[in-house]
Amino acid sequence: MVVGAAIIVDGRVLACERSAPPEVAGRWEFPGGKVEPGEIETDALIRECAEELGVRVEIGARLGRDVRMAHGRSVLRVYVARLLDGEQPKALEHSELRWLAADELDSVPWLPADVPIVAALRPRLGGS
Ligand SMILES: Nc1nc2c([nH]c(=O)n2[C@H]2C[C@H](O)[C@@H](COP(=O)(O)OP(=O)(O)OP(=O)(O)O)O2)c(=O)[nH]1
């Protein structure tokens, strides 16, 4: 299971550009990663947001559906997340971070598994 966080602030979502590995570098994603054995999904997301962005987050509802990834061995599940007061994400592992409004969601090349989840996100950001 791979979990991702759709961090939303003022109608914009945080999109993150992968720096590695080469096959996916330059593609955009939600911050997150693999759930470790024995870990619960929301704890994995809190850990990954701290590691990748240096921020503390509160995890909310599921967003969109589970998406089976390439080889079919793993599944991507995304949750809405909120930054705790005063937290500012930093690109500790990504090459770039951008806050995207509904009409900017298509301006970056998302990883393929993220596309249906981004579609589910659009109305939540105030887009049609
Ligand atoms: N974090 C994240 N990974 C995604 C998304 N969409 C998507 O296809 N993936 C894929 C890319 C990777 O193959 C896999 C997640 O791997 P990762 O490298 O981020 O996970 P991790 O931090 O636990 O990695 P590692 O410690 O094993 O290196 O899921 C997404 O929105 N967020």
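Tutor: Residues are numbered from 1 along each chain as its sequence is written. Because the model is predicted, local features need pLDDT of at least 70 and side-chain atom pairs count only at pLDDT 80 or more, while totals for chains, interfaces and linings use all residues.

Student: What makes up the secondary structure of the chain?

Tutor: The chain has 2 helices and 7 strands, in the order β-β-β-β-α-β-β-β-α along the sequence. Helices are DSSP runs of H or I with at least four residues, and strands are runs of E with at least two, numbered from the N terminus.

Student: Why is the chain called as compact as a globular protein of its length?

Tutor: Its radius of gyration (over C-alpha atoms) is 13 Å, close to the 14 Å that the globule rule gives for 128 residues, so the description applies. That rule is 2.2 Å times the number of residues to the power 0.38.

Student: How many of the residues count as buried?

Tutor: Of the 128 residues, 28% count as buried; the term requires 20 or more other C-beta atoms, placed from the backbone, within 10 Å of the residue's own.

Student: Which residues and elements surround the ligand?

Tutor: The shell holds 13 residues, the closest being Glu29, Gly32, Gly33, Lys34 and Ala113. Strands E1 (2–9) and E4 (32–34) each give two or more residues, and E4 gives the most, with 3.

Technical notes:
Buried ≥ 20, exposed ≤ 12 C-beta atoms within 10 Å, placed from the backbone. Near = placed C-beta within 6 Å.
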